[in-house]
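Please examine the sequence and the model displayed below, and then follow the explanation through its parts.

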Amino acid sequence: MTSLILKTAMRLIVPLTLLFAVYMALKGHNEPGGGFIGGLIASVSIALYRMTYGAESFDKLLPIHPRILVFVGLTMAFLVAVFPLLFDRPLLTSYEQYLNLGFGQTVHFVSAAIFDIGVLLVVIGVSVGMIDRLSREVEK
Amino acid sequence: MSGSINNFIILFCVIPLAAGLLSVPLVGRSFPSRVIGTLSFASTFLLAVYLLIQGYADNTIYVSYMGSWTAPFGISVVFDNLSGLLLATASAVALGSYIHSYSTNASHIERGYFHPLIQLLMFGVNLSFLTGDIFNLFVSFEIMLMASYALLTIGASKKQMSQAYKYVMLNLLASTIFVIAAGMAYGMLGTLNMADMALIVKTKLASGEGLPVGFTALAVMFLLVFALKGAFFPLWFWLPDTYYTCPISIAGLFGGMLTKVGVYAVVRTFPLIFTQSVADIASVDVNPTRTTILWIIAVAAAFTMFLGVLGAVSQHEVRRILSIHVISQVGYMVFGLAIMTGWALAGCIFYMIQHMVVKCSLFLCCGIMEKHAGSDDLDKLGGLLKRDTLLGVLFFVAAMSLVGLPPLSGFFGKMVIIQEGWNNGLWWLSIIGLATGALTLLSMLKIWSYGYWNPEPKKYPQAAKPENVKSSSRSGYIGIAMLVVLALFLGFGANPVYKFADRAGEQLVSPDAYIMAVLPKERIKLVNPELAAKLYDGIGHDRMSEPLDEEPMIISASYNKEVHP
């Protein structure tokens, strides 16, 4: 696709969607959202980018194979899940901490967030990898 | 002491998952992946045996609450005797067929993510044996199915694809019904935790309120789903073709294990929840759902046993005979379920265990037979006893265990089930069971006489040299021999194994121990104070003298206390 309108719009759409994906992923701990949804939104934006600019610019945007994202994400989620076992707590037990940011601001940090980021990476890796692979077959 | 063990039962899922993750970057390098895989299966086997013995000695059920969210809200993972026996056997079967696969897998199969997939398959299988939650059971079925879809189509030949398509479609249908049924169960009982469901059903039966409307229909829906996975009559049609096409070590693993997961799901959920016995409730004579479901299961058992073995007798290819045999053997387990006394369930569990081991070793033998003759058609086989005596011995022991010749393992399974059926008014099923046993012998002798006893067929000269086959499949013999030794142990050591199985059967028919192990005391007190008083009476006064909580912490959505003061 070589539409100028689409290309110009993408410059705005891609960063905004990625930002929205991060927002969804982070607010997912207590509200609707989470790593899975965030991953889907992010992969939609990456797939749109690929459709607009073609396979070569996509390779520049994501220089590693999406498979590696899956592996890294799974490993992160796995390690966070297993970690409590070392302290004789059940699998997947979450640790929480209020981090002080200064200026009277605190952030409620939970270790489950790392699990969720792992899920996010897996979802991006799987869906982007599949879309990429299929479109390469079509473009051949 | 058991507190420290409790949280580690999830290792049965963690170890295969870790091994699967580790072998992803090692794809294409077989040696390190094989080491990782073998260690993973061996360690889960040893862990299962250790926990089983420890749990039997202490008479405890190990429970772990995922993420520290207690039952009935979080997902609980439960290790009792039934789980332990099946986990140990599943790991052993996986180990045997995995070692066998060193010598039979083509390199393109190993490159096609064979090692990670088989670990993920075991992750799903182990999780379904452990989980104490219906929805989590669904999830673990899905994990197992995902891996099995990929393993079935590994190598991607045209024949495999068309068979796998059927398998995928049927399982998608079954999964959809499963989710719908789980939703209905949640609507009726307000919970999906198995122990909590059991407790609520028990309370509803004892209070005279009776079961919710449509409870029998719900049970039938669950039965349908599990019967499709377990290949009961009339839902077995997908099975013979599926196991016919994939690589032999995968076929062995699937033939030994996957249908048994469906049977396991029935063994776990039905005596506990849907067909709960009312023997210890004085005010109620009969659980109407139990009567209906047991009839359905009994009829299914008759057809599954008999039609399965007839199908096997009529086939002329080793793989087809073996895979249709799976159905007939499942029939015996279903027979044990139809009786549903503690001792019959023990027989059913024992039969499941021995069948997993024996069936898998027969499939693996078939793999080496194919290497000799280049085909599994009985016409093209022959003279194998002379060509490969070791294989002949292994096959004979495994086949006779399957048939149930007295000192071997199949005998003890069948004997208990048939005898118990006879004593409980299901004499007609016992007769069918005996007839099926005879026909099983016939079909096994068919493979034996065509494949091993007959001279080599002149029309189809066997191209492979016996020495080449033998030297190229050393690990194949090791894998089969391990399983055959285990089968012999199950036969000659049936007594200790039956002790575990008997305890498992008791735990299933009188679920009080299960309920007490999984649910916190407050929950039992809230739902059924009389039962709580009864359960905690014998334990000690300090626990009883604790005051009832003023405001119970744990409230169910649908279980309203005002209705049952």
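How much space lies in the second largest pocket? The answer is about 690 Å³, where a pocket is an open set of points on a 1 Å grid over the protein atoms alone at which a 1.4 Å probe fits, with protein on both sides within 12 Å along at least five of seven lines. This is a predicted model, in which local features need pLDDT of at least 70 and side-chain atom pairs count only at pLDDT 80 or more, whereas totals for chains, interfaces and linings use all residues. Residues are numbered from 1 along each chain, chains are lettered from A in the order in which they are written, and side-chain values use heavy atoms, without hydrogens and water.

The largest share of the lining, four residues, comes from α4(A). By type, the lining divides into ten nonpolar, nine polar and three charged residues.

A nonpolar core is a set of buried (under 20% relative accessible area, 1.4 Å probe, protein chains only) Ala, Val, Leu, Ile, Met, Phe, Trp, Tyr and Cys residues joined through side-chain atoms within 4.5 Å. The largest such core has 204 residues, and B:F222, B:F226 and B:F270 have the most contacts inside it. Helix α15 (residues 342-373) of chain B gives the most to this core, with 21 residues. Apart from it lies another core, of 13 residues, including A:A21 and A:F58.

Key
1 Å grid on protein atoms, 1.4 Å probe; cavity = no way out; pocket = protein on both sides within 12 Å on 5 of 7 lines; lining within 4 Å. Points joined across faces, edges and corners; volume = space filled by probe spheres on them. Helix = DSSP H or I, 4+ residues; strand = E, 2+ residues; numbered from the N terminus. Nonpolar A, V, L, I, M, F, W, Y, C, P; charged D, E, K, R; others polar. Buried < 20%, exposed > 50% of the residue type's maximum accessible area, 1.4 Å probe, protein only.
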